[in-house]
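Thank you all for coming; I would like to walk you slowly through one structure today. Please keep the picture in view while I talk.

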Amino acid sequence: MPLRLLKFALSKEHPAPRFFKSHETPKKSYDVVIIGGGGHGLAAAYYLAKDHGITNVCVLEKGYIGGGNTGRNTTIVRSNYLTPEGVNFYDASVKIYEGLSEELDLNLFYSTRGHFTLAHTESAMRTMRWRAEVNKHVGVESRVVGPDEIAKACPQLDLSCSGQAPILGALFHAPGSVARHDGVAWGYARGADRLGAEIYQNTEVLGIDVKNGKVCGVKTNKGYIETKQVLSAVAGFTPRITEMVDLETPIVIHPLQACVTEPMKPWLNTILVSGSLHVYVSQSSRGELVMGSSLDPYEVHSTRSTLDFVEGLTSHMLDMFPFLSNVKVVRQWAGMADMTPDFAPIMGKTPIEGFYLDAGWGTWGFKATPISGKTMAQTIANDSAPDLIHSFRLSRFEDYELTGEKGAASVGH
Amino acid sequence: MKLLTCPMNGTRPLSEFVFGGEYRQAPDQDTCTDAQWAAFVHNRSGAPGDKKEWWYHSPSGTWFIAERNTLTDKVTSTYLLGQKDTTQEAGK
Ligand SMILES: Cc1cc2nc3c(=O)[nH]c(=O)nc-3n(C[C@H](O)[C@H](O)[C@H](O)COP(=O)(O)OP(=O)(O)OC[C@H]3O[C@@H](n4cnc5c(N)ncnc54)[C@H](O)[C@@H]3O)c2cc1C
């Protein structure tokens, strides 16, 4: 046992270092108030301080940090999207992730595994070719591979999928990775705290004060806070926040569920996704298979789990891996996905001066945590959104300039 | 198993139904502005609460209205469009 750990074990006070300071009550005013202590809100606080020197900032979290979708996702990080705008954006995120453990001085278990999106039909193969070409054009490592290469990477996979849906090929994306999701939230929280931002847990925003089209403060369960700039980074709670400022958006909430098996010896090295079978799976560093499926089919603002989900998912898992029939599912859970019609996020300024939106992360926002924090910090600091997120602006809907990512985002989050 | 009551076929498993989105009224296309029309096409009332929604019973091809709370997922009534008086208590 390392000496450092032993010292904690023997100490009466357990003086383990805290990740961030706890403050009694928020101050009367801040330059920037961030609603939501998920990865996105905390990353924005970190980059506001680090890149722009803006440190009079608080992050208000109604529960505990990372307790929203950040701590519920299946941690897949990739950039093999469909539109050049999307590929560029997510690629910038992957690049930050690759050095993030070092930057935050915290082991995020960032593990590059390679990512296969399996195609069982000719039309799926067509989408894979399309994505591969767009990816290559932008400089992202993706290519279409045949069944041989899939079998080499994952010999346990039944390529005929029990004869139900034979695999014709796949989109292989070398940078595809998994990471520790709560670590990302905690790492950014500590980084932001060290640079001077304040983090408040159990602090809920109950209203936002807008006068003459400008933000002037927020009401919380811990009192009123004056501010001219508010960032909403609340994922599944976005419609409740936008309602406070009478802002209409296309966002609707559907639950997204996931589950894990009991731990096994490592056997699955890659990340596998099948759109046709509505399955994606990877093996965590603890040995559990982490599995998810498509979105729940109707709107509910709840994190309830259903038996339908595990039944459907595991039956398709058995089509792919018949030998898993004795393995047990040990946990299942759900998050609330903030869905947009084009499967792209909504980021940037809004018609309300000083109200910034980082939302519409649906089933795909974990991988974007670093780059969304960075670009939202930039947007707030300059009161102007950088080009990288121009295609994600709220006004794209009014302009009928949607950023269609459904073909790359609907199952393989 | 979760159940839903089709006004034509009675109470059936939820897996027989398809969600059709919120019941909405289009603005008058001759008089509304482009911005109003774009808002109608794209925006939704995403906040939780009591909503009137389209649902479809797929084996029988029946479209109908359900009144449901999207926070609690409780259905209070289902009926054919325009026939609210024949309301059946649903989702018991
Ligand atoms: C099951 C599942 C699997 C997923 N898999 C993937 C994946 O593999 N890859 C991927 O890239 N993405 C995935 N996602 C999506 C990803 O998890 C989210 O898009 C991302 O985590 C959103 O992060 P966030 O920081 O914006 O929101 P969150 O982490 O949800 O944080 C928002 C926070 O705001 C707080 N809040 C809400 N309202 C208030 C209020 N009024 N006052 C104060 N605080 C408030 C909430 O408590 C919450 O902690 C998945 C999602 C789910 C549910």
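Let me begin with charge in chain B, where the mean positions of the 10 positive and 11 negative charges lie 8 Å apart; here Lys and Arg count as positive and Asp and Glu as negative, while His and the chain ends are not counted, and the place of a charge is taken as NZ of Lys, CZ of Arg, CG of Asp or CD of Glu. For chain A, the corresponding mean positions, of 39 positive and 43 negative charges, are 6 Å apart.

Before I go on, please note that this is a predicted model, in which local features need pLDDT of at least 70 and side-chain atom pairs count only at pLDDT 80 or more, whereas totals for chains, interfaces and linings use all residues. Residues are numbered from 1 along each chain as its sequence is written, chains are lettered from A and ligands numbered from 1 in the order in which they are written, and side-chain values use heavy atoms, with hydrogens and water left out.

Staying with chain B, we find one helix and seven strands, arranged along the sequence as β-β-β-α-β-β-β-β; helices (H or I, at least four residues) and strands (E, at least two) are DSSP runs, numbered from the N terminus. The C-alpha trace of chain B spans about 45 × 25 × 25 Å along its principal axes, and 38% of its 92 residues are buried, where buried means under 20% relative accessible area, exposed means over 50%, and partly exposed lies in between, with a 1.4 Å probe and protein chains only.

Chain A, in turn, has eleven helices and 20 strands, and its C-alpha trace spans about 65 × 65 × 40 Å along the principal axes. Of the 413 residues in chain A, 57% are buried. Among its contacts (heavy atoms within 4.5 Å) between residues at least 6 apart in sequence, 76% join residues at least 24 apart.

How far apart are the end C-alpha atoms of helix α2 (residues 39-52) of chain A? They are 19 Å apart, which agrees with the 20 Å that its 14 residues should span at 1.5 Å a residue, the expected span being 1.5 Å times one less than the number of residues. Eleven of the 14 residues of α2(A) are buried, among them H40(A), L42(A) and Y46(A), and just after α2(A) comes G53(A), with a positive phi of about 65°.

Helix α7 (residues 181-194) of chain A also has 14 residues and reaches 20 Å from its first C-alpha to its last. Because eleven of its 14 residues are buried, α7(A) is largely enclosed by the rest of the structure; the buried ones include H181(A), Y188(A), R190(A) and D193(A). They pack against α2, α3 (84-98), α4 (100-104), β9 (198-200) and α10 (369-382) of chain A, and G196(A), which follows α7(A), has a positive phi near 120°.

Finally, a word on backbone angles: most residues other than glycine have a negative phi. D246(A), however, has a positive phi near 55°; D246(A) sits in the loop between α8 (238-244) and β14 (252-261) of chain A, and at 74% relative accessibility D246(A) counts as exposed. D383(A) has a positive phi near 45° and lies in the loop between α10 and α11 (406-409) of chain A, where D383(A) is partly exposed, with a relative accessible area of 34%.
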